[in-house]
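Here are my notes on the model you sent over.

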Amino acid sequence: MASPEIDALTQALARLPGLGPRSARRAVLHLLKKRETALAPLLSALSAVEDNLATCSTCGNIDTTNPCAICADHRRDARALCVVEEIADLWALERSRLFPGRFHVLGGRLSALEGIRPEDLSIDSLVRRVESGGVDEVVLAMNATLEGQTTAHYIAERIERFPVRVTQLAHGLPVGGELDYLDEGTLAQALRARRPVA
């Protein structure tokens with residue numbers, strides 16, 4: 001049996017997404033075996049993040065600076081604003097390196113079942129960003145769920161009075177996907193979003 005400290009570390013790791021008790025034990029054993037090359041750098045990185053962690057007051061991203069590195073980057077196109085539900089969505093889009101503009105994190109999505117209302121999200125601050133000017137396009141990058149689409153529709157209604165183009169990510173067939181393996185919702189969206197062959 002492990003000491004209480006090692007057991008506490010295992011339990012802490014097991015609470016992370018994607019790690020269960022077995023995976024956490026394997027990770028702890030690896031960290032303990034490789035103290036100098038794995039444990040020490042991990043502790044140092046965790047400590048540095050803990051000491052400097054900040055939520056960006058502009059977009060809602062989490063970084064070690066405020067404003068975050070994306071908002072502080074003057075090379076980014078401030079006229080294009082991509083609205084996402086969660087920070088993980090922002091990071092996924094940023095990894096693709098395909099969107100040159102700025103972001104806005106809502107902190108969730110509207111959900112009557114979960115009791116999440118517009119005032120529970122950062123929709124008002126989004127409206128203020130658009131109202132202040134300088135934004136030509138708002139890209140609604142909501143998840144393709146009922147709640148995500150409801151949120152996108154609500155935001156589109158809130159900002160329709162401003163002179164901005166409101167767009168939404170395309171939904172439908174994934175690249176490399178086969179029709180036989182797709183669900184009816186994905187197929188229906190792909191059919192509704194069909195376009196002419198060039």
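1. Start with the helix pair α2 (residues 21-33) and α3 (residues 35-52): in this predicted model, their axes come within 6 Å and cross at roughly 110 degrees. An angle between 65 and 115 degrees counts as roughly perpendicular, so that is the word for how α2 sits relative to α3.

2. Who makes that contact? From α2 you have His-30, Leu-31, Leu-32 and Lys-33, and from α3 Arg-35, Ala-38, Leu-39 and Leu-42. Sorted by class, the α2 contact with α3 comes out as five nonpolar residues, one polar and two charged.

3. Now have a look at the largest nonpolar core, which has 18 residues. Val-83, Val-130, Val-138 and Ile-155 are the ones touching the most other members. At least two residues each come from β3 (77-84), α6 (123-131), β5 (137-141) and α7 (146-159). The top contributor is α6, with four residues.

4. Skipping its neighbours within four places in sequence, Val-83 is in contact with His-104, Leu-106, Leu-126, Val-138, Val-139, Leu-140, Ala-141, Met-142 and Ile-155. There is also a second, separate core of 15 residues, and Cys-56, Cys-59, Val-84 and Phe-99 are among them.

5. Back to α6, where Ile-123, Leu-126, Val-127, Arg-129 and Val-130 are buried. Looking down the axis of α6, these buried residues fall within an arc of 160 degrees, so they line one face of the helix. As a reminder, an α-helix has 3.6 residues a turn, so residues three or four places apart point the same way. The cover over the buried residues of α6 includes β3, β4 (101-105), β5 and α7.

6. Last, Pro-67, which sits in the loop between β2 (62-63) and α4 (69-72). Is Pro-67 buried, exposed or partly exposed? Its relative accessible area is 38%, and since buried means under 20% and exposed over 50%, Pro-67 counts as partly exposed. Apart from neighbours within four places in sequence, Pro-67 is in contact with Cys-56, Thr-58 and Ala-72. As for Leu-46, 21 residues away along the chain, its C-alpha atom and that of Pro-67 are separated by 21 Å.

Conventions:
Residues are numbered from 1 along each chain as its sequence is written. This is a predicted model: local features need pLDDT of at least 70, side-chain atom pairs count only at pLDDT 80 or more; totals for chains, interfaces and linings use all residues. Side-chain values use heavy atoms; hydrogens and water are left out. A nonpolar core is a set of buried Ala, Val, Leu, Ile, Met, Phe, Trp, Tyr and Cys residues joined through side-chain atoms within 4.5 Å. Buried means under 20% relative accessible area, exposed over 50%, partly exposed in between (1.4 Å probe, protein chains only). Contact means heavy atoms within 4.5 Å. Axes are lines fitted to C-alpha atoms, for helices over the stretch in contact, and angles run from 0 to 180 degrees between N-to-C directions. Angles under 35 degrees count as roughly parallel, over 145 as roughly antiparallel, 65 to 115 as roughly perpendicular and the rest as oblique. Ala, Val, Leu, Ile, Met, Phe, Trp, Tyr, Cys and Pro count as nonpolar, Asp, Glu, Lys and Arg as charged, and the others, Gly among them, as polar. The arc is that of the directions from the helix axis to the C-beta atoms.
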